[in-house]
Amino acid sequence: MEEIQNFYSSIDSDTLKKVYYCMIKEKNGSGIIPIIISSGPWLFLLFSNQLQDFLFKDGSLLWVAFSIIYISILSISVFLHFHERSWSFVHIEIIQEILHDRKGIREKA
């Protein structure tokens, strides 16, 4: 955290504001992952008959592999979504604090 604070402190206020806006965009843009996750089951629903025929054909255990892969991808996506969102929130808070402190110093001068 200290490295992040030191890095942002070394940047001038105008550039830091631009970084701040990019971080807000990043935080809001990470919402695309849940959209992709929620649209996946709808795609499977469209092709459910074909998918069932393929996965359960002749007593095959292919459905086990499919389920493991699907749940793994789903879990990784959810983890990445919240991980990226939390880091962008941390960066936003640090930048806001630095800009607020700089504004206070300017007003005192």
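Contact here means heavy atoms within 4.5 Å. By that rule Leu99 touches Ser13, Leu16 and Lys17, leaving out residues up to four places away in sequence. The model is predicted, so local features need pLDDT of at least 70, side-chain atom pairs count only at pLDDT 80 or more, and totals for chains, interfaces and linings use all residues. Residues are numbered from 1 along each chain as its sequence is written, and side-chain values use heavy atoms, with hydrogens and water left out.

**Confidence**
- The mean pLDDT (the predictor's confidence in each residue, from 0 to 100) is 82 for the protein, and 91% of its residues reach 70 or more.
- Where pLDDT is low, the predicted coordinates should not be read in detail.

**Helix H2**
- Helices are DSSP runs (H or I, at least four residues), numbered from the N terminus.
- Ser13, Leu16, Tyr20 and Met23 are the buried residues of H2 (buried means under 20% relative accessible area, exposed over 50%, with a 1.4 Å probe and protein chains only).
- Seen down the axis of H2, these buried residues fall within an arc of 65° (taken from the directions from the helix axis to the C-beta atoms), so they line one face of the helix.
- On the other side of H2, the exposed residues are Asp14, Lys18, Tyr21, Cys22, Lys25 and Asn28.

**Nonpolar core**
- A nonpolar core is a set of buried Ala, Val, Leu, Ile, Met, Phe, Trp, Tyr and Cys residues joined through side-chain atoms within 4.5 Å.
- The largest one has 11 residues, including Ile4, Leu16, Tyr20, Met23 and Leu99.
- Helix H1 (2-9), H2 and helix H5 (62-108) each supply at least two residues of this core, and H5 gives the most, with five.
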